[in-house]
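Colleague: I have not seen this one before. Can you walk me through it, bit by bit?

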Amino acid sequence: MKTSILLFQELVSGSVKDGNGQPLPGASIVEKGTANGTQSDFDGNFSLEVTNENATLVISYIGFAKKEIEVNGRTSFDIILEESAAGLDEVVVVGYGTQRKSDFTGALSSLKSDDLNPGTNVSVDQLLVGRAAGVQISQTSAEPGGGISIRVRGASSISAGNEPLYVIDGFPIDNSQGLSGSDPNTGMGTNVNPRNPLNTLNPQDVESIEILKDASATAIYGSRGANGVVLITTKKGSAQRLTVNYDESVGFQQVHNRINLLSASEYIDVINGIAVDNGNEPVFTQVDIQQIGAGTDWQDQIFRTAIIQNRNLSISGGSENSKFFVSLNQYNQDGVVKNTGIKKYIGRVNYESTLGNKVRMGLNLNTSHIKDKNSVDGVGFNYSSGPIFSALSYDPTEQVFDENGNFSESSQLTVNNPLSLVEGVLSENLTNRTLGNIYFQYEISNLLNAKLSFGSDRSNSRRDVYNSTLTVNGRAQGGVANVSTLERNSNLVEFTMNYNKKFGSESNLSVLAGATYQDFSVREFSGTIGGFPDDIIETNNLSLGDTGNDNLRSLKEENVLTSYLARFNYNLMDRYLFTATVRTDGSSRFGENNKFGYFPSAAFGWKLSNEVFVPDFFEELKLRASWGQTGNQEIGNYSSLLTFSSSTNAVFDNQPITTTRPSRISNPDLKWETTEQLNIGLDMSILKGRLRTSVDFFVKNTRDLLFDLPLPSASGFNSILSNVGKIQNKGFEALINSINVSSPDFMWTTAVNFSMIKNEVSDLGRIDEIPTGNIADIGNNAIIRRGEPLASYFGYEVTGIFQEGDDIANSPQPTAQPGFPIFRDADQDGTIDPDDQIILGDPFPDFTYGINNSFSYKGLTLDIFIQGQEGVELLNVNAIQSLYPGTFRLNRYAHQYLDRWTPQNTNTIWPSGTNPSSYGGGRVNSLVVEDASYIRLKSINISYQVPVDNIKFLSSLKLYLTGQNLLTITDYSGFDPEANSFGRNNTKVDYSSYPLASSWILGVNIGL
């Protein structure tokens, strides 16, 4: 039987034409599941020998919908293909519904599962990195499960959130950050890069992602749409046969880029050289040097090659009346820093069913269990830092262990042994989250239907941090433990009605109206205690600690959002498209006088390609214009109310009495930030879909900024949260898709996205500027100033190095010495003081881009994706610590100290290192605000679709190899030019950030 199948041959022939009967030369005709195929000739004719009596022919042609035809004993075919204009009839998800992409009047990026980043991604948002124009996505911490920051068309807020709204299968979720990885009460710095909330979703469940960018698209979400909206649609079942898919991958990761630090011998030479330059004896003698030997590479001690594993099983199927999709996911990623990593277990059920002739229901349910081993690195110095900071700072002449087998302690006791922080600190998070929604849709008539939806989001997290006696600070406190819990709950009720009516064959009216109610609650608890008899208990029995010196905190908050919405879409003669939207939101977060806000939008689209005066050369030529307003309510709860906090104890009748004091002044006029956006766009498709492009120009103005306005001290308060100021983002974005080569055996496609955005603070009310970005031992490093980009870096410009023979005494820095940096006297008053600080750069790129090339030959596919950014700066705090070590003997950036100024090496930008604490002029300067532009080979994916035609139990088999973050070309000296130790904050700094990892992953995908 098997032999007869292999020897079967049947010649089939026919023609391929379009709907007008015109032949389609070069159409692809392939026997499904094989590499056997041919092309139609100039007259559209073809012939092909099929190898299976049950063969199916797959016919495709650029600009036309793909068609499948079963041979079923036939030998002659007359095939008619329908025009699709390369996806013009594609349906995209929009707010509260779907719409044909060709009829959409707003600005959006639509990405299907094949368009997303390949490989094993820990979170859904990693799928988007570099893929969408106008959307800047950066992993603020490269730690497994670390934070992600997304900016859709720039940053629009100072104090309120800048992250987009996420809507998963129609459910707008609370994407607030979770617990951080450390706690200052344990002696470890607070990690402001908490876990990514979207870790609770399985990226392999995603069917499509739409990013709504302009006000016409986002106004339907009103007070939550100012920063864009990310619509995530998960996979659904189909009415076909039962389908089982299993995917397994395994790979390894290594630190992508290590910091070039001084080796032990280089460190000795530098320390001795500086000592001699200061007129002192060398610090290290020859005996010391012999005993030290090769010293210790502390990066080697804390970094490792890390394993990453992923298993995913999905089952889908159904009938005409019901469909289902079920998936289970196990994900395990070790971090490249020892004792860090993430383990995830995720389950999903999606179900749709028709109940009778009128009712349709659907259920989407996702549940997850996530265990994190956190990095404890914080934005702090010495004890407050973690192993990465210590590895960059610890003396390389020290050994890992002392003669007693304990972790060595340097005479520089302010910095812990890096390995002691890896092995001596427990930091774990456990998160359980269940997210689900159910809907019922009733067809009132052929024109009108109603939909009722219920949603629930339940998240419970616990963080355990224990700083043991293996660390210097932990030993000083007898071991110190912190346990924190966080509960987030959200409930949603939505009711919408849709009216759709066609007028003739080309005009259509669609009206949406509805109301929504969503409540949110947060409950937190944290307890810290030290003085344990033994480290073995860790956080499992806090009562064993010193209960006379504990620290407890608890919190409960609630807020409510009530909304009414309406949208009007009218398509006139399939040429003129009109959209109008309005949403009214009422929020408990704002003042009594401004509980409700109103957010309208309007858009117009003109399908020029359907006009008789436009050449047929254009399959699509559509002009879009939109205007609208959206809001931002992402501030803390109760911010408009008078609140109280604990105060000093009073004594009454010889008894201590706990007292409270006002901590916040009320503001009954507090209201939303409002973003007004104007967008003009053009969509074009030519050459039968071989070249498609979409360009947009936009101006985005945000007013009534929410930030703390300073108050006179006589008021008794430092500030009041107010609506003052304006920010503008304006720019250009483009998307180009091309099919460069198309043949039966080989295809080459290219996708390019490009964005250029300019950010500017246009008004701050009665204030001209606001210092920001404060870091311990460094101070403020950024400024919010009228006429400049938000959170621009602010400090002193270094124009050179003082040389021997310079007239230093008569300079603005009369106490300087040869080898000291020269600071520019910006105000030309003859003295270097704080008034000489200037803008040194900003954290916003001049432009960003992503380029993907896909090559396929028969069953073999190669995808290469490159992303980059230009014209952006990043403050390297580790470089500051290297320049200003004070009295500490710290390991330093090699390039700074090997090329430092000496009387013999005068042609350099780096100071001498002599008396660095006396350099003056502040720590933030142009030497440490570095160019963070880069070009990155983000991913390479090689896959092979194994022919399975003769394997009855398999429907597909694919083998793949994926490399991620393989090469970065940059002048930045830190681990990663995208890092931000401040997490989602607009102020970006690199302070011992978790290093980016390069990975190779091998996997197999099996379809049954």
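Colleague: Which residue in β53 stands opposite Lys 958?
Modeller: Asn 1005 stands opposite Lys 958. Strands here are DSSP runs of E with at least two residues, and helices are H or I runs of at least four, numbered from the N terminus. This is a predicted model, where local features need pLDDT of at least 70, side-chain atom pairs count only at pLDDT 80 or more, and totals for chains, interfaces and linings use all residues. Residues are numbered from 1 along each chain as its sequence is written, and side-chain values use heavy atoms, with hydrogens and water left out.

Colleague: How many bridges join β51 to β53?
Modeller: Nine, and the two strands run antiparallel. Two strands pair if DSSP finds at least two bridges between them. β51 is also joined to β50, by 11 antiparallel bridges.

Colleague: What about the surface, which residues form the nonpolar patch?
Modeller: Among them are Val 250, Phe 252, Tyr 857, Tyr 944, Leu 961 and Trp 1000, and the whole patch has about 950 Å² of accessible area. The elements giving two or more residues to the patch are β17 (243-255), β50 (934-945), β51 (956-970) and β53 (997-1007). Patch residues have over 30% relative accessible area and no salt bridge; nonpolar side chains (Val, Leu, Ile, Met, Phe, Trp, Tyr) are joined within 5 Å, like charges within 9 Å. A salt bridge is a Lys or Arg side-chain nitrogen within 4 Å of an Asp or Glu carboxyl oxygen. Areas come from the Shrake-Rupley method with a 1.4 Å probe, and for residues only the protein chains shown count as cover.

Colleague: Why does Tyr 944 count as partly exposed?
Modeller: Because its relative accessible area is 36%. Buried means under 20%, exposed over 50%, and partly exposed in between (1.4 Å probe, protein chains only). Tyr 944 is in strand β50.

Colleague: Now the inside. Which residues touch the most other members of the largest nonpolar core?
Modeller: Ile 775, Leu 875, Val 877, Ile 880 and Val 924, in a core of 57 residues. Elements that each supply at least two of its residues include α5 (298-302), β48 (873-876) and α9 (877-883). A second, separate core has 25 residues, including Leu 128, Ala 132, Val 230 and Leu 492. A core is a set of buried Ala, Val, Leu, Ile, Met, Phe, Trp, Tyr and Cys residues joined through side-chain atoms within 4.5 Å. In soluble globular proteins, nonpolar side chains tend to be buried together.

Colleague: How far is Pro 172 from Val 230?
Modeller: They are 58 residues apart in sequence and 9.6 Å apart in space, C-alpha to C-alpha. Pro 172 is in strand β14 (residues 171-172). Pro 172 counts as buried because its relative accessibility is 3%.

Colleague: And β48, what is the strand order of its sheet?
Modeller: The order is β49-β48-β52, in an open sheet with mixed pairing. β49 (929-931) and β52 (989-990) each have a single partner strand, so one side of each is left without a neighbour in the sheet. β48 and β52 pair in the parallel sense over two bridges, and Asn 876 stands opposite Asp 990 in β52.

Colleague: Last one: is β12 covered on one face or both?
Modeller: Both: Ser 149 and Arg 151 on one side, and Ile 150 and Val 152 on the other, are all buried. Four bridges join β11 (residues 135-138) to β12, running antiparallel, and Ser 138 has Ser 149 as its bridge partner.
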